[in-house]
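Student: New model on my screen. Walk me through it, please.

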Amino acid sequence: MAMKKHLINFSAKIQSDDFEKTYPLDYCIPVYHAVSNFHLPHLKHIINYKSEKEFEKDLEILSQNFQFLNWNEFKDFRNGNFKPKKKIALLTFDDGLSEFHDVVVPILERKGIYAINFINPKFIDNKDLMYRCKASLLIERILQSDKKPLNVFDDIIGNDKLKKLFIRKIHGMTYSEPERLDGLAKHFRENFNDFLVKYKPYMTLEQLKAVTKKGFGISNHGFDHPLYHELNLEEQILNTTQSYDYLNENDFITESFAFPFTDFGVKQEFFEKIFSTNDLFCSFGSAGLKRDSFDKNLQRIPMEKGKDANQILKEEIAYFNLKKLLNKNTIYRK
Ligand SMILES: [Zn+2]
């Protein structure tokens, strides 16, 4: 792993930033979650989101090198009916967070850039909180607390070590065991419902409709943000169609689906099934700059890595080219 990082860093350094020439695919699909100048305790420990200034800088870099398309133009482009002036970009956001409505949309409106947001219907209207956000809130509690998390063991293990251990355990909790996070919350006097009422971390249905009216897209990210490879095929289909039905009822975009977390380990069978039953045009992963053996599944580039777009693109291109030498820049599905 250290060797891999070293190689990427080295070859990124010698990468030109003339992305029009060096960018290897004909599309660039960045993915973000939130943009905020504030400390957001439910995101801070799971997502390295950017400030407004950092986000605007990314947009500047991307605009110089790519032509941003809206959803219909993007479909036309994929169908060969749209001839862009530059390589194209489709701006995407995940999770339907309220910062999209409050912060991102005003910036994008000013710049005339389209984005599509992939949402989980279970959390819309702040009915529940995604389990990783719960984990982030608990970690915030632990870090902020002067009190020893577990007095009995403190003398033996030490307070700092104990905090680190707790944080590692919380990061390890999975989608299939939500009751563990809810149980822990009581010990840390954290109340997720109070948080939902007070902070309203997600967009409401009304806000989703408002951003749609302004020309932005809302689409499918699964019903409640599961890790797909932890589900069996039937559960995967159910989670996807439950979300599809919600989007359909509310006239949002049902033609796309972005995997929550990762499409890693998702089998060919799932793709064949969802593409045969719905009006699905394409799906999205977030494995970075990569090809996919299922050609309607497009990989996006995660932009929340504590680096600017210029550096991220350079590293992605460097890594893509390194893997090309090893014939490993395509994800194969079985
Ligand atoms: Zn997500």
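This is a predicted model: local features need pLDDT of at least 70, side-chain atom pairs count only at pLDDT 80 or more; totals for chains, interfaces and linings use all residues.

**Working through the model**

Tutor: Leu-205 has 21% relative accessibility and counts as partly exposed. The scale is relative accessible area: buried is under 20%, exposed is over 50%, and partly exposed is in between (1.4 Å probe, protein chains only).

Student: OK. Where does Leu-205 lie?

Tutor: In helix 11. Helices (H or I, at least four residues) and strands (E, at least two) are DSSP runs, numbered from the N terminus.

Student: What does Leu-205 touch?

Tutor: Ile-124, Asp-125, Tyr-246, Asn-250 and Phe-252, leaving out residues up to four places away in sequence. Contact means heavy atoms within 4.5 Å.

Student: And how far apart are the C-alpha atoms of Leu-205 and Asp-308?

Tutor: They are separated by 32 Å. Along the chain, the two residues are 103 residues apart.

Student: How many bridges pair strand 3 and strand 4?

Tutor: Three, in the parallel sense, with strand 4 covering residues 87–89. Phe-68 stands opposite Ala-89 of strand 4.

Student: Now strand 5. Are its faces covered or uncovered?

Tutor: Both faces of strand 5 (residues 91–94) are covered. Leu-91 and Phe-93 are buried on one side, Thr-92 and Asp-94 on the other.

Student: Which residue stands opposite Phe-93 in strand 2?

Tutor: Tyr-32 does. Strand 2 (residues 30–32) and strand 5 pair in the parallel sense over two bridges.

Student: And what is the partner of Phe-93 in strand 6?

Tutor: The bridge partner there is Asn-117. Strand 6 (residues 115–119) runs parallel to strand 5, joined by four bridges. Between strand 5 and strand 6 the chain passes through helix 5 (residues 98–111), and this β-α-β crossover is right-handed. Right-handed means that, with the strands pointing away from the viewer, the path from the first strand over the helix to the second runs clockwise.

Student: Aromatics next. How many aromatic pairs are there?

Tutor: The whole structure holds 26 aromatic pairs. Rings of Phe, Tyr and Trp (its six-membered ring) pair if their centres lie within 6.5 Å; planes under 30 degrees apart count as stacked, over 60 as edge-to-face and the rest as tilted. Phe-55 and Phe-93 form an edge-to-face pair, 5.9 Å centre to centre with 75° between the planes. The pair links helix 3 and strand 5, 38 residues apart.

Student: Is Phe-55 buried or exposed?

Tutor: Phe-55 is buried, at 0% relative accessible area. Phe-93 is also buried, at 0%.

Student: Why is the Phe-123 and Tyr-202 pair called stacked?

Tutor: Because the ring planes are at 20°, with the centres 5.3 Å apart. Phe-123 sits in the loop between strand 6 and helix 6 (131–144), and Tyr-202 in the loop between helix 10 (192–199) and helix 11 (205–213), 79 residues apart. Phe-123 is buried at 3% relative accessibility, and Tyr-202 is buried at 2%.

Student: Which residues form an aromatic cluster?

Tutor: One cluster is Tyr-228, Phe-257, Phe-259, Phe-270, Phe-271, Phe-275 and Phe-294.

Student: Last one, backbone. What is phi of Asp-95?

Tutor: Near 90°, a positive value in a residue other than glycine. Asp-95 is in the loop between strand 5 and helix 5, and is buried at 7% relative accessible area. Phe-261 has a positive phi too, near 60°. Phe-261 lies in the loop between strand 8 (256–258) and helix 13 (268–277), and is partly exposed at 29% relative accessibility.

Definitions and conventions: Residues are numbered from 1 along each chain as its sequence is written. Side-chain values use heavy atoms; hydrogens and water are left out. Two strands pair if DSSP finds at least two bridges between them.
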